[in-house]
Number of protein chains: 2
Amino acid sequence: MSGPRFTALAASLPSTVPFVGPEVQERARGAAFAARLGANESGFGPSPRAIAAMADAAADSWKYGDSESYDLRTALAEHLEVDMNSIVVGEGIDGLLGYLVRLLVGQGDAVVTSLGAYPTFNYHVTGYGGTLHTVPYRDDHEDPDALLTKAREVDAKLLYLANPDNPMGTWHDAATVQRLIDGLPDGCVLCLDEAYGEFAPDGTLPPLDTSNACVIRMRTFSKAYGMAGARIGYAITHPELAAAFAKVRNHFGVSRIAQSGALAALQDQEWLQSVLTRTAAAREDLSDMARQAGFAPLPSATNFVTIDCGEGVDRAKAILDSLSQAGCFVRMPFVSPQNRCIRVSVGKERELNLLRVELLKQK
Amino acid sequence: MSGPRFTALAASLPSTVPFVGPEVQERARGAAFAARLGANESGFGPSPRAIAAMADAAADSWKYGDSESYDLRTALAEHLEVDMNSIVVGEGIDGLLGYLVRLLVGQGDAVVTSLGAYPTFNYHVTGYGGTLHTVPYRDDHEDPDALLTKAREVDAKLLYLANPDNPMGTWHDAATVQRLIDGLPDGCVLCLDEAYGEFAPDGTLPPLDTSNACVIRMRTFSKAYGMAGARIGYAITHPELAAAFAKVRNHFGVSRIAQSGALAALQDQEWLQSVLTRTAAAREDLSDMARQAGFAPLPSATNFVTIDCGEGVDRAKAILDSLSQAGCFVRMPFVSPQNRCIRVSVGKERELNLLRVELLKQK
C-alpha cells in the first residue's frame, strides 16, 4: 500500500528547524542550563498584573478565546492611536509571519530579506514555495538601499526588515526606515518586524501610517512584555490587508489566557518602563563584561547584546560551546560575517554573573 | 501605487468565518449570554490540578514553550501506549488540521468529507486550494461506505471522519471505523477526528495502530479535558507522517502554559472520569428537557445533544434565535437535513436550568 501523497512542495521541504530550543539542548546535554540567555526572552518576566490576569484566566480556559481578540485590539488601538480594524492579533509574530507569507507568496514568488536575518521568516517563505533573495548586511546593519535595489531587481512581493535587527541588535533611525517605505517598488509589501521596538531609542520607529497597504508592522508581547510562552503578537497595517488575514488565520487560535495577559500587560506601562530600564542596565553590564573579556560588544537597541569575538565562526562557535557546557545558553548568528559573534540576551543579575565568570575564561 | 499582490488562491478565498464566536454574538446583541452552551466547551472546567499548573506557569511564561512538547508527548505516549515519535502536539485540532491539509492538499487535490461535517476542516481544505467532495449523512450519521466510495471515485488524498460526530453527536462502533480504515484506497489518508472520543462508550475507538501511515487520529484537551481556551491538541499517527509536521508547523507555537496544563490534566484521570460522569448526567438532563418540550433528542456520544426540532431549518432557526435572545448561546448544524436540529452543549446545572425554561416555552 502506498503512503500519504504529500504535495510536491511539502515533499521538497527540508526537515530542519529554524531554532533548536533550549529544552532540546538541555535534553541533549543531559542537564539544565543555569543561565537562559539565548532566546531573547525577558528574564524580568511579565508584569505582575499580567501574571495575575493569566493565573485568573486559567480557570476560565474551558472557554475558547474571543475569535476577534476584541478587548485587546480595542486597547491596542487606543494605545497606538490607530483604528482597531488595522490590528490583527495572532499567535505571536511567528504565527502572523506565516499568515502574511501565505497570503502573498506562492510558488516561485520573489521575497527579499537580509542574509542572516530572521530564519523563521525564511522558513515560512520556503514553506510556501517562495524564492528567497538576500542581500548582505553592511557594517552589521541591514542595508535598506540594497534591500530596495534587490526588491526592484527581482520584483519582490514581500520585503522583510527587522528594526531593530535580530541577530545583530543594530537599528536604523525612523527617517531611514521611512525612506525605505517611500522607495518601495509598486506591489511590494514591507514586513517591518518591530519585535524589539519597545527597547529602541526614541526616533527609531517611524510613525504608524495605516493608509499604506504595502506596509505591515509586526509587534509582540514576547519580548519587552515578557510573555514569549503565551504566544501572542499583533500586526498593524491597512484595514484591507488586516481583513485579508481572516481568510487564512486560525480564528480561535489565540489562547484565552494570552488574551487576558496581554491586555493586562498593555495596561501596565509602568512595568514595561521598569523592564526597559533594567534591560538597558543589563545591556551595559553585558557589554562591559564582553569588553573585559577582550571582545567587542555591538551597540544594541534590543534586549540582547551581540558580541564580536574578533575572529571567524570557529572561534565564536568554540566560545558558544564552552559557555553551553558551563550551563550558559546563548546563540550565535547563522551566517558569515555575522557569525564571528555570539548573541547574548539580557537576564537577571544571577544569570549575568554566571555568564561573566565563563566569559572571562575565554579571554 | 498598486497594493499587495495576493496569491491567486488567497485572492479567491471568501472572507467568511467557519464559526461566529459567542463573544462576537454577545457584542452584536449588546449583552452577555447567561448560558454558554453552544461551542461544545466543557462547563465543568479543567482539572483543578490543570488550573493550578497553568496558574503556576503564568509567571514562567517569559520562556518560550518547549518546541518539542517533550514532557507532554512522553506522558501521552505512556498513556496511549504508543511511541512518542508517533505523537504531534499542536495548537488544538484546528491548528493540526491546518498543518495536515497543508502537507497533503494542493490546488485541485480531492478531499472527501460529509456534507455538514466540521466546517473548520473545510476551511483549511479550501484555504489550500483543495477540492471538497461531500457525501450526505445517512440517518444523522456520517456514512463510511459512501465516504469510501466517494474517495475512490475522486481519488481523494484525504478523507475526514469525526467519530463521534460533530454536529450530530452520533457515532460508529470501532469495527465500523476499522472497516473504513481497511477499505481506504491506496494513497488516501484518513483523518479521524476523535475530539469527542473520551465521551464515547467503550468500543467506539478502534485500537491505535501507528504502523499505518494513512491514518491520523486527532485528539484534544479542548473538550473532555476542558481546556479549549488553552489551545492544545495532539495527533497520533505513523512516525513518518508525524515527522512531516516538522516541515510546516510553528515550532514554538504551543503555549508553555498550555503544555503545563495539558500535562497536569492528563495526570488527573480521576477528574476526567468525574467530568465524563457529569457530562453523561447533563446529557440525560438535556435529552429529558428536549422531550418535555416536544422535541426529539438524538443519542449522543459527545458533550452535546443535538435536538431534532421536528420541522425544517426555519423552525430550528427560530428556536435558536429565541434561545439566543433569552441569553442562551446554542448552535445548529449548517446544512439540510441536519439543520432541522439545534445543538446544545452540556453545562452546569444553573445553565441547563435557564435553558430548560426557555426550551419549554418553545413547546
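Biologist: Which domains does the assignment give for chain A?
Modeller: Two are listed. Domain 1 covers 17-45 + 270-360, and domain 2 covers 62-267. Bear in mind that the model is predicted.

Biologist: How far apart are the C-alpha centres of domain 1 and domain 2 of chain A?
Modeller: They lie 25 Å apart.

Biologist: And how many residues are in contact?
Modeller: On the domain 1 side of chain A, 27 residues; on the domain 2 side, 26.

Biologist: What area do the two domains bury between them?
Modeller: About 2100 Å², with 66% of it on carbon and sulfur atoms.

Biologist: Which three residues of domain 1 supply more of that than any other three?
Modeller: Leu272(A), Ala301(A) and Gln338(A). Together they supply 24% of the area that domain 1 of chain A buries against domain 2.

Biologist: What about residue pairs in polar contact between the domains?
Modeller: The count is nine, with both residues at pLDDT 80 or more.

Biologist: Which element gives the most to the side of domain 1 that touches domain 2?
Modeller: α11(A), with five residues. In chain A, α11 (269-292), β10 (304-308) and β12 (341-345) each supply at least two.

Biologist: Last one. What is that side of domain 1 like by class?
Modeller: In chain A it has 14 nonpolar, nine polar and four charged residues.

Methods:
Residues are numbered from 1 along each chain as its sequence is written. Chains are lettered from A and ligands numbered from 1 in the order in which they are written. This is a predicted model: local features need pLDDT of at least 70, side-chain atom pairs count only at pLDDT 80 or more; totals for chains, interfaces and linings use all residues. Side-chain values use heavy atoms; hydrogens and water are left out. Domain bounds come from an automatic or database domain assignment. Contact means heavy atoms within 4.5 Å. Buried area is the accessible area (1.4 Å probe) that two parts lose on being put together, summed over both. A polar contact is a pair of N or O atoms within 3.5 Å; within protein, one must be able to donate a hydrogen and the other to accept it, and residues adjacent in sequence count only if both atoms are side-chain atoms. Helices (H or I, at least four residues) and strands (E, at least two) are DSSP runs, numbered from the N terminus. Ala, Val, Leu, Ile, Met, Phe, Trp, Tyr, Cys and Pro count as nonpolar, Asp, Glu, Lys and Arg as charged, and the others, Gly among them, as polar.
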